[in-house]
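Please look at the sequence and the 3D structure below before reading on.

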Amino acid sequence: MDRNAESKPKVAVIGGGAAGFFGAIELASSGSASVTLLEKGKNFLSKVRISGGGRCNVTHHCLDPEPLSRHYPRGERELRWAFETFGPKDTIRWYEERGVLLKTEADGRMFPVTDSSETILEVLFREAKRNGVKLRTETEIHSVTPIPSPEGGSDFRIQLKSGEILEFSKILFATGSGRKAWGWLKALGHSISDPVPSLFTFKISDPRLEDLAGLSFENTLCSLSDLGYAQEGPLLVTHWGLSGPAILKLSAKGARELFEKEYSTFLKVDFVPALSREEIRETIETEKRIHPAKTVRNTPLFGIPKRYWERILESDPGAFTKTWAGFSSKDSHLLIEELKNAKFRISGKGEFKDEFVTCGGVNRKEVQFKTMESRIVPGLFFAGEVLDVDGVTGGFNFQNAWTTSFIAARGILSALQKGQGSG
Ligand SMILES: Cc1cc2nc3c(=O)[nH]c(=O)nc-3n(C[C@H](O)[C@H](O)[C@H](O)COP(=O)(O)OP(=O)(O)OC[C@H]3O[C@@H](n4cnc5c(N)ncnc54)[C@H](O)[C@@H]3O)c2cc1C
């Protein structure tokens, strides 16, 4: 029990997810604020528990702020600076100092060595308790009202659904994609970019993909050319269409426009991005010279999996049975088109169970990213997904939560020190 708690300025953190928990710990560990974490649900850290398929992809091994910031379709410019203050290196160190080691997978994603999100939950709970964060679940908030103070700043009154009234010097909003909280923030004068889903797979019904679920391509260039977005990376065929890193990243880039188009547009896939059309043509000509008697369908080229190679040849029954000697220049042209510019009709949005985020939230222009304080209501701070910031899949969304909540905690402590808000 902290005997001085009553004399310390009070800070409320609203939302007990990754950002709220991390921010509350950083605030309380300074010893100069009494921190209450208010969560409307029955449990804290629900998303952390189910994240990364139960393994929690804590961050990404991309340590340089500039390339790291490019993984955020919304928030790149603001996070570029924020990562200088608290980036993946700091996340790794923060967990390591508290006994949690992270490992890096081949694609850069970082997980606890235990491969269990429970490890992350345990350390966050332990740190919150050790630093005296007051944890309250099932605390539905009715309203948040600034109370102007004679010194020019303002304190805040939070009325709970139960009728209880609480007063705080500062508030950290870490409510994720909670619609009600966006409603209050709007009422307080903030503008909110409409929330729409990000990180999803594409529903595609196409004979070329039928019964090929599980088939993957190591490197492709996928583009939504009518929206002006492209993404290179692995591609995976699913029961419903296409997924894999290239698709998920593309869905994040085009999240808003795809929503507006009701997820109906065309996807173009270049299955051989490393080679030009001319280079592919030359390889085909070489094949015709060296293996004239071999059937084309039995000699897949360019690393294309045999089942897909057969599928694209099947679309032209003549070519399907031909040997390389009989493969005409028209056949070559059609094959090259299928390899470099395959067109698929997207008819909807699928699910991606390992990670899901919402794009949209508090307008970034209304937040000072050096402190995460609102430019509209001084004394209100933001962290995590409540902001119009989101990353592609790979641990970037949690990194946003750790980074912005760390900066918000520093911002709040510095504002308290300057005596803004009466406490
Ligand atoms: C299935 C799944 C898997 C994911 N896996 C990964 C992953 O492995 N790596 C990664 O980087 N990202 C992952 N993400 C994304 C990541 O979970 C989020 O970006 C991150 O949790 C955002 O943290 P946050 O604290 O801002 O919001 P949240 O985690 O959503 O927390 C917000 C909290 O605020 C509470 N709240 C909302 N409104 C109120 C209110 N009015 N009063 C009180 N409390 C309120 C909510 O109940 C919630 O507990 C995943 C997401 C999902 C859905």
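Two strands are said to pair if DSSP finds at least two bridges between them, and the helices (H or I, at least four residues) and strands (E, at least two) named here are DSSP runs, numbered from the N terminus. This is a predicted model, in which local features need pLDDT of at least 70 and side-chain atom pairs count only at pLDDT 80 or more, while totals for chains, interfaces and linings use all residues. Residues are numbered from 1 along each chain as its sequence is written, and side-chain values use heavy atoms, with hydrogens and water left out.

**The sheet of seven strands**

- Seven strands form an open sheet with antiparallel pairing, and their order is E17-E16-E13-E14-E15-E12-E18.
- At the edges stand strand E17 (342-346) and strand E18 (348-349), each of which pairs on one side only.
- Strand E13 (residues 216-224) and strand E16 (residues 265-270) run antiparallel and are joined by three bridges, and Leu221 has Asp270 of E16 as its bridge partner.
- Helix H8 (residues 245-253) packs on this sheet, where it touches strand E12 (202-203), E13, strand E14 (229-237), strand E15 (241-243) and E16; contact means heavy atoms within 4.5 Å.
- The direction of H8 makes about 140 degrees with that of E14, where axes are lines fitted to C-alpha atoms, for helices over the stretch in contact, and angles run from 0 to 180 degrees between N-to-C directions.

**The sheet of three strands**

- Another open sheet has three strands in the order E7-E8-E9, again with antiparallel pairing.
- Strand E7 (141-148) and strand E9 (165-168) are at its edges, and each has a single partner strand, so one side of each is left without a neighbour in the sheet.
- On average, neighbouring strands of this sheet are turned by 20 degrees against each other, direction ignored.
- Four bridges join strand E8 (residues 154-160) to E9, and the bridge partner of Ile158 in E9 is Leu166.

**Helix packing**

- Two packed helices are described by the angle between their axes and the distance between the axes.
- Helix H2 (residues 46-54) packs with helix H6 (residues 117-130) at an angle of about 155 degrees, and their axes are 8 Å apart.
- That angle makes H2 roughly antiparallel to H6, because angles under 35 degrees count as roughly parallel, over 145 as roughly antiparallel, 65 to 115 as roughly perpendicular and the rest as oblique.
- The contact is made by Val48, Arg49 and Gly54 of H2, together with Ser117, Glu118, Ile120 and Leu121 of H6.
- In helix H11 (residues 306-314) the buried residues are Tyr308, Trp309, Glu310, Arg311, Ile312 and Leu313, where buried means under 20% relative accessible area, exposed over 50%, and partly exposed in between (1.4 Å probe, protein chains only).
- These buried residues of H11 pack against E13, helix H12 (317-320), helix H13 (329-340) and E17.

**Single residues**

- Lys180 is in helix H7 (residues 179-187), and at 48% relative accessibility it counts as partly exposed.
- Leaving aside its neighbours within four places in sequence, Lys180 is in contact with Glu140 and Lys161.
- Asp211, in the loop between E12 and E13, has a positive phi of about 60 degrees although it is not a glycine, and its 67% relative accessibility makes it count as exposed.
- Phe302 lies in the loop between helix H10 (277-290) and H11, and its phi is also positive, near 60 degrees, in a residue other than glycine.
- With 21% relative accessibility, Phe302 counts as partly exposed.
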